[in-house]
Amino acid sequence: MIVWILFLVLIFTFLALDLGVFNKTPHIISTKEASKWTAIWFTLSMLFSGVVYWLYSTDYVLNPDRLKPSVASMKFITGYLIELSLSIDNIFVIALIFASFKIPKKFQHRVLFWGILGAIVFRGLMIYFGVLLIHRFTWTSYVFGAFLLFTAIKMLFTSEDEEEFNPKKSIIYKILGKIIPISTHTDKEHFFIKTEKGNAATPLFVALIIIEVMDVVFAVDSVPAILAITADPFLVFSSNIFAILGLRSLYFFLANMLEKFSHLEYSLIAILSFVGLKMLLHDYIEIPEWASLGFIALSLAVGVIVSLQISKKDEARKHNNKH
């Protein structure tokens, strides 16, 4: 428990420094600042894999699966990369929500900060029950595997022309409107404002709630995906949290160039298919940890390179058509 408490203290210290020191004054986060923070979070995550190695070479953390330190460290990195890659879809939805509610760029960080606090709680609960199910009922790993494979196939055959998610038409927005009056006006970074009829939620609060609910929806895919790699509670939770913490800076880093990464979806399909099959066939085929990590890293790298190449060709074609 000491390790868990120290880990949570570390995370909340990071968050307190983030809001209380580095982002005390609301400001527009530039691509340069976002890229710096993305690099910092990625570096911290890789350094933490060293901490994982040390923890699993001692008896400081419970090790129910009797993992070797090197295997535990690789499982952490693999889980982190899975969570990070699956959060790309989340970034597209966040951008859509901010655009729909016309959230000023300088207040977007505040919304995402509080969104992350909620995500830590909800992810923690989902991981706890997911791990409990897998340890209690071994057949649930087949259910999770089949679900991930179904999600990958659905993503592959989903038409791009299908109706886009509209936050203002969502059931979340309608339910929220029945609970509290919703104002169309923003007042700096405040989530609530006083009106003649009493307190009303600002677009910032509405965006926060919708982002929170959408994160839970995305976690339905990502939590089973990481459970395909390991059912060790500490590894699942820590890799998940590090991916969530890096999500904000990754959002601001990618916000201005989301179109360039529109073909990354195929990498996510490959990753979901791989982890789904890994869960379904775990009794028959044992895939070494380095092979899982290699496949996921390669899928991401190929997806990024191909997306950038296609984006360059599309831009060149548009430029030629103009002239």
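Trainee: Which residues of α8 are buried?
Mentor: In α8, the buried residues are F234, L235, V236, F237, S238, S239, N240, I241, F242, A243, I244 and L245. Buried means under 20% relative accessible area, exposed means over 50%, and partly exposed lies in between, with a 1.4 Å probe and protein chains only. This is a predicted model, in which local features need pLDDT of at least 70 and side-chain atom pairs count only at pLDDT 80 or more, while totals for chains, interfaces and linings use all residues. Residues are numbered from 1 along each chain as its sequence is written, and side-chain values use heavy atoms, with hydrogens and water left out.

Trainee: What makes α8 mostly covered?
Mentor: The count does: 12 of the 13 residues of α8 are buried.

Trainee: How do you know that the span of α8 agrees with what a helix should give?
Mentor: Helices are DSSP runs (H or I, at least four residues; strands are E, at least two), numbered from the N terminus. The expected span is 1.5 Å times one less than the number of residues. Helix α8 covers residues 233–245, so its 13 residues should span 18 Å, and its end C-alpha atoms are 18 Å apart, which agrees.

Trainee: What does that check give for α5?
Mentor: Helix α5 has 18 residues (140–157) and should span 26 Å; its end C-alpha atoms are 26 Å apart, so the value agrees.

Trainee: Which residues of α5 are buried, and how do you know that they are on the same side?
Mentor: The buried ones are T140, S141, F144, G145, L148, T151, A152 and M155. They cover an arc of only 145° around the axis, so they are on the same side of α5. The arc is that of the directions from the helix axis to the C-beta atoms.

Trainee: Why is K75 called buried?
Mentor: K75 has a relative accessible area of 11%, so it counts as buried. Leaving aside neighbours within four places in sequence, K75 is in contact with L67, I229, T230, L235 and E289.

Trainee: How many salt bridges does the whole structure hold, and what makes a network of them?
Mentor: A search finds 3 salt bridges. E83, R123 and D215 are linked in a network. R123 and E83 meet at 3.3 Å, N to O, and D215 pairs with R123 at 2.9 Å. D215 in helix α7 and R123 in helix α4 are 92 residues apart.

Trainee: Why are D215 and R123 called buried?
Mentor: D215 is at 7% relative accessibility, so it counts as buried. R123 is at 6%, so R123 counts as buried too.

Trainee: Why is P26 called partly exposed?
Mentor: P26 is at 33% relative accessibility, so it counts as partly exposed. P26 is in the loop between α1 (2–22) and α2 (31–56). Beyond neighbours within four places in sequence, P26 is in contact with K106, F107 and E189.

Trainee: Is A228 buried or exposed, and where is it?
Mentor: A228 is in the loop between α7 and α8. At 12% relative accessibility, A228 counts as buried. Not counting residues up to four places away in sequence, A228 touches V275, K278 and M279.

Key: Contact means heavy atoms within 4.5 Å. A salt bridge is a side-chain nitrogen of Lys or Arg within 4 Å of a carboxyl oxygen of Asp or Glu.
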